[in-house]
Amino acid sequence: QQQQQQPTAADTPAAAKDEAKLAPAAAGAAVGDTSLRQVFEFPSTVVILRPEKHSSDSSRVRVAAGLISGELVLLQWTAGAPALQKVSSVLAHPPSSSPQDDRFGSLTKMSEVWSLIWSPPGDPRPRIATCSEDQTVRIFEAESLKQLAVLEGNHSLAVTCVDWIAKPGGGSVLASCADDQTIQLYDGDSFAPVCRFTSSDIKGWHTLTYLKFNHDGTQLACVTQHGFLLVFCTASQQRLVTARVHRGSVEGLDWCPHANLLATLSSDNTVHTYRVVPAAEDGAKEVALL
């Protein structure tokens with residue numbers, strides 16, 4: 001990867017040199033107003049950044065960051081506070097201390113946090129799930145970053161993405177995908193494995209890059225490094241869609257919050273959108289992408 005050239009002091013406007021202590025944009029600020037913003041400096045490269053959604057406490061905003069060093073950092077802004085503050089941090093995924101293993105992706109043997117997700121809205125005890133190239137998923141209590149569980153033995157290569165959704169009837173489901181071409185679903189409370197999907201039948205070398213539940217958790221989409229989109233039914237545990245939709249690696253996907261609309265983006269410089277609909281009215285397993 002090419003390193004981006006850092007701007008020098010001569011390139012930086014004078015008004016921007018003292019921004020580190022400014023507060024986040026005030027509520028009601030005009031769209032596009034960048035006069036109030038904050039620069040927060042992390043100890044190492046940030047891999048992923050996720051805010052807590054639908055918090056029961058409207059007086060604060062919390063953001064979780066996963067770093068290349070394996071650290072999980074919790075930031076918080078509260079009403080009346082002058083700036084975003086670091087609340088706590090933990091070495092979520094320690095570096096490997098064993099001899100270099102071909103299954104361990106990083107040449108520096110750091111277990112960087114590749115993905116993280118907050119537990120679903122309404123969780124009385126908000127938690128954060130992280131994953132890494134150390135082949136584990138780890139669960140932390142959001143308030144203290146105390147480690148609650150280590151989910152290991154479910155993947156044999158780097159775990160690349162996690163997602164977590166509430167079930168309509170109560171409880172929740174956590175999902176992870178990995179370079180070993182597997183997807184694992186877990187009970188969101190006990191973290192016991194629930195079911196397992198695989199893409200090993202798809203021709204061509206590939207890894208699984210990202211996954212995401214739809215709005216009600218009935219479908220799970222996952223994408224691959226060689227351009228495929230897979231959609232699974234979580235109730236029947238059947239694969240509904242297997243389609244090559246990009247000519248490059250799929251580097252992100254998301255569902256519409258209120259409908260079965262799906263978007264993907266790729267290294268082939270395109271963004272695709274789809275409507276996932278039944279292929280027949282008789283409840284057939286297959287679905288169509290329109």
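**Cores, ring pairs and cysteines in a predicted model**

The largest nonpolar core of this structure has 18 residues, and those with the most contacts inside it are Cys177, Ile183, Leu185, Phe197, Leu211 and Leu220. Seven strands each supply at least two residues of this core: β9, β10 (172-178), β11, β12, β13 (208-213), β14 (219-224) and β15. Apart from this core lies another, of 14 residues, among them Ala221, Val231, Leu253 and Tyr274. In soluble globular proteins, nonpolar side chains tend to be buried together. The model described here is predicted.

Not counting residues up to four places away in sequence, Phe197 touches Gln181, Thr182, Ile183, Leu185, Leu220, Phe232, Cys233 and Gln237. Ile183, Leu185 and Leu220 are also named, with Phe197, among the core residues with the most contacts.

The next topic is aromatic rings. How many aromatic pairs does a search of the whole structure find? The search finds two. One is formed by Trp164 and Phe191, with 5.9 Å from centre to centre and 70° between the planes, which makes it edge-to-face. Trp164 lies in strand β9 (residues 159-166), while Phe191 lies in the loop between β11 (182-187) and β12 (193-198), so this pair ties together parts that are 27 residues apart in sequence. Both Trp164 and Phe191 are buried.

The rings of Phe197 and Phe232 also pair: their centres are 4.3 Å apart and their planes meet at 15°, so this pair is stacked. The cut-off behind that word is an angle under 30 degrees between the planes. Phe197 is in strand β12 and Phe232 in strand β15 (residues 228-233), so the pair links distant parts of the chain, 35 residues apart. Phe232 has a relative accessibility of 2% and therefore counts as buried.

Strand β15 leads on to its partner. β15 and strand β16 (residues 238-244) run antiparallel and are joined by six bridges. One of the residues involved is Phe228, whose bridge partner in β16 is Arg244. The hairpin of these strands has four residues between them, and there Gln237 takes a positive phi near 60°. Gln237 is also one of the residues that Phe197 touches.

The cysteines come next. A search of the whole structure finds zero disulfides. For Cys177, the nearest cysteine sulfur is that of Cys222, 4.3 Å away. A disulfide needs the sulfur atoms within 2.5 Å, so Cys177 is in none. Cys177 has 0% relative accessibility and counts as buried. Cys233 is in no disulfide either, and its nearest cysteine sulfur, that of Cys195, is 10.0 Å away. With a relative accessible area of 18%, Cys233 is buried.

A last stop is Arg138, in strand β7 (residues 137-141). Is Arg138 buried or exposed? At 14% relative accessibility, Arg138 counts as buried. Its side chain makes a polar contact of 3.1 Å with the side chain of Thr136. Leaving aside neighbours within four places in sequence, Arg138 is in contact with Ala92, His93, Pro94, Ile128, Ala129, Thr130, Gln147, Ala149 and Val150.

Technical notes:
Residues numbered from 1 in each chain as written. Predicted model: local features only at pLDDT ≥ 70, side-chain atom pairs only at ≥ 80, totals over all residues. Heavy atoms only, no water. Phe/Tyr/Trp six-rings, centres within 6.5 Å; stacked < 30°, edge-to-face > 60°. Buried < 20%, exposed > 50% of the residue type's maximum accessible area, 1.4 Å probe, protein only. Core = buried A, V, L, I, M, F, W, Y, C linked by side-chain atoms within 4.5 Å. Contact = heavy atoms within 4.5 Å. Polar contact = N/O pair within 3.5 Å; in protein donor to acceptor, adjacent residues only side chain to side chain. Pairing = 2+ DSSP bridges.
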